[in-house]
Amino acid sequence: MNAPRADYAADPARSRGRRVPEPPAPTRSEFQRDRDRIIHSTAFRRLEYKTQVFVNHEGDLFRTRLTHSIEVAQIARSVSRCLRLDEDLVEAIALAHDLGHTPFGHAGQDALDACMKPWGGFEHNLQSLRVVDELEQRYAAFDGLNLCFETREGILKHCSAANARRLGELGERFLARRQPSLEAQVANLADEIAYNNHDIDDGLRSGLVRLDALDSLALFGRHRAAAQAAHPELEGRRLVHETIRRMIDELVTDLIGETGRRIADARVRSIDEVRAAPPLAAFTDRIRAQSAELKRFLFTQLYRHERVSAVMDRARTIVEELFAWYRADPGLLPVEHRERVEAIGERAIADYIAGMTDRFAVREHSRLSGVDWSDPGAGLLGGASEAAP
């Protein structure tokens with residue numbers, strides 16, 4: 001049985017409410033209701049076919065935005081349980097944090113941001129909020145999912161001062177330099193744990209990252225050596241999985257311990273005191289430095305690998321050309337999106353492209369351009385090949 005929720009945790013019975021008031025659900029807390037709405041949303045289902053690192057159709061076993069979000073939620077819940085936070089809120093935040101991501105990962109985001117520069121730019125974190133506040137069309141009484149303030153606060157991890165001023169109550173903390181709930185802070189660091197470790201797995205599976213190169217990193221090398229010492233016969237994929245499992249365990253344990261220490265030192269007794277305190281969810285200095293080393297390695301050796309970069313250059317072209325064609329002729333858009341362009345301009349085009357899956361964007365570009373991206377000569381599938389399971 002779970003321990004009682006701590007005084008400093010978010011309390012669904014004391015939520016700051018929804019944008020449109022609703023009667024309470026008879027069988028669920030407010031945060032459980034948010035989580036369920038996110039899981040049933042169209043944007044959540046689309047994450048199955050959106051790139052994490054490798055374009056969706058490069059292999060069946062690489063992570064997608066959907067599997068990444070599920071891994072983040074699992075880690076975040078484990079940490080929250082030990083810290084006596086609200087597990088349903090942290091799960092809702094984790095599952096929703098990438099709802100606004102474009103097709104083709106950060107390459108797609110960068111391309112769409114460049115296209116939208118004259119009209120305020122594009123940032124996937126703000127787009128995730130836009131999805132749950134406006135773009136989902138599931139309910140008769142309101143646009144979006146009408147989530148609780150605390151869930152929306154956790155989704156919005158970053159925000160410029162200009163955007164914060166436009167967001168009213170939700171943007172106030174960025175202007176006042178206050179923190180979100182501990183649930184939001186934990187979800188953010190669970191995201192870091194998940195993507196660092198599964199990108200190692202996917203990088204090795206693709207053949208773009210070498211095992212001996214990873215051994216030079218303190219975090220990976222230490223746990224690979226420990227795994228082999230405990231199981232001398234272990235090799236191949238099982239050795240990789242055992243190493244990564246041990247890494248995740250240390251990162252989670254470190255996060256729980258350091259966050260618990262900071263909570264005790266700050267003597268916070270309510271969510272309002274959490275918001276007024278410095279950031280409380282954190283790794284120790286040692287683990288933070290080792291995680292940063294790992295992140296730098298992945299950036300240079302995987303995310304900027306020439307084969308990944310070649311695919312992402314072509315993906316950027318797809319996004320840029322789709323935007324240009326739709327802007328030149330909104331008649332190319334479905335009727336409902338054409339009407340939105342008439343109402344709000346280029347932002348409606350960005351909304352439409354951001355909602356695309358990888359494969360829909362490829363198919364739509366092929367329809368409009370005549371380029372067959374499934375042809376190896378076109379190059380979109382040339383980034384990486386998945387090794388056998």
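Hi everyone, thanks for coming. Please keep in mind that we are looking at a predicted model.

Let's start with α16 itself, residues 306-328. How far apart should its ends be? The helix has 23 residues, and at 1.5 Å a residue they should span 33 Å; the end C-alpha atoms are 33 Å apart, so the two agree.

Now, which residues of α16 are buried? They are Val308, Ser309, Val311, Met312, Ala315, Ile318, Val319, Leu322, Phe323 and Tyr326. Packed against them are α5, α15 (285-303), α18 and α19.

Let me take α19 next, which covers residues 358-369. Its axis lies 10 Å from that of α16, and the angle between the two is about 55°. The pair therefore counts as oblique, and the crossing is left-handed. If you'd like to find the contact on screen, look on the α16 side for Ile318, Glu321, Leu322, Trp325 and Tyr326. On the α19 side, they meet Ala361, Val362, Glu364, His365, Leu368 and Ser369. By type, the residues of this contact are seven nonpolar, two polar and two charged.

Finally, over to α5, residues 105-115. Buried here are Gly105, Ala107, Gly108, Gln109, Ala111, Leu112 and Cys115. What covers them? The cover includes α16 again, along with α3 (65-83), α6 (124-135) and α18 (346-354).

Conventions:
Residues are numbered from 1 along each chain as its sequence is written. This is a predicted model: local features need pLDDT of at least 70, side-chain atom pairs count only at pLDDT 80 or more; totals for chains, interfaces and linings use all residues. Side-chain values use heavy atoms; hydrogens and water are left out. Buried means under 20% relative accessible area, exposed over 50%, partly exposed in between (1.4 Å probe, protein chains only). Helices (H or I, at least four residues) and strands (E, at least two) are DSSP runs, numbered from the N terminus. Contact means heavy atoms within 4.5 Å. Axes are lines fitted to C-alpha atoms, for helices over the stretch in contact, and angles run from 0 to 180 degrees between N-to-C directions. Angles under 35 degrees count as roughly parallel, over 145 as roughly antiparallel, 65 to 115 as roughly perpendicular and the rest as oblique. A crossing is left-handed if the near helix is turned anticlockwise from the far one by less than a right angle, and right-handed if clockwise. Ala, Val, Leu, Ile, Met, Phe, Trp, Tyr, Cys and Pro count as nonpolar, Asp, Glu, Lys and Arg as charged, and the others, Gly among them, as polar. The expected span of a helix is 1.5 Å times one less than its number of residues.
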